[in-house]
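Biologist: Please take a close look at a single part of this model, the loop between the helices. I would like one connected account with the cut-offs stated.

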Amino acid sequence: MLENVVEFFKNLPDKICVQCGDKIEEQSECYSNNCDKCNSL
Ligand SMILES: [Zn+2]
């Protein structure tokens, strides 16, 4: 069970902030292409 979840996330492409190029780790919602740091600016 748990391994299936891990594999699912492994197969997801890394989401990268379009502003600073950092990887976006929190993916609670997909409405933004910016990381939390850039979103808060
Ligand atoms: Zn950013």
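Modeller: What follows goes through the loop residue by residue.

This is a predicted model, in which local features need pLDDT of at least 70 and side-chain atom pairs count only at pLDDT 80 or more, while totals for chains, interfaces and linings use all residues. Residues are numbered from 1 along each chain as its sequence is written.

The helices are α1 (2-11) and α2 (36-39), and S32 is placed in the loop between them. A residue is called buried if 20 or more other C-beta atoms lie within 10 Å of its own, exposed if 12 or fewer do, and partly exposed in between, with C-beta atoms placed from the backbone. Of the 41 residues of the chain, 2% count as buried.

I24 is in the loop between α1 and α2. I24 counts as partly exposed because it has 19 C-beta neighbours inside 10 Å. Two residues are in contact if their C-beta atoms, placed from the backbone, lie within 7 Å. Neighbours within four places in sequence aside, the contacts of I24 are K15, I16, C17 and C35. From I24 to N34, ten residues apart in sequence, the C-alpha to C-alpha distance is 7.4 Å.

C20 sits in the loop between α1 and α2, and it counts as exposed because it has 11 C-beta neighbours inside 10 Å. With neighbours within four places in sequence left aside, C20 is in contact with C35, K37 and C38.

C17, listed among the contacts of I24, is also in contact with N33, as is V18, again leaving aside neighbours of N33 within four places in sequence. N33 lies in the loop between α1 and α2 and is partly exposed, since it has 13 C-beta neighbours inside 10 Å. N33 and Q19 are 14 residues apart in sequence, and their C-alpha atoms are 8.2 Å apart in space.

S32 has 14 C-beta neighbours inside 10 Å and therefore counts as partly exposed. Its C-alpha atom is separated by 8.7 Å from that of C17, 15 residues apart along the chain.

Technical notes: Helices (H or I, at least four residues) and strands (E, at least two) are DSSP runs, numbered from the N terminus.
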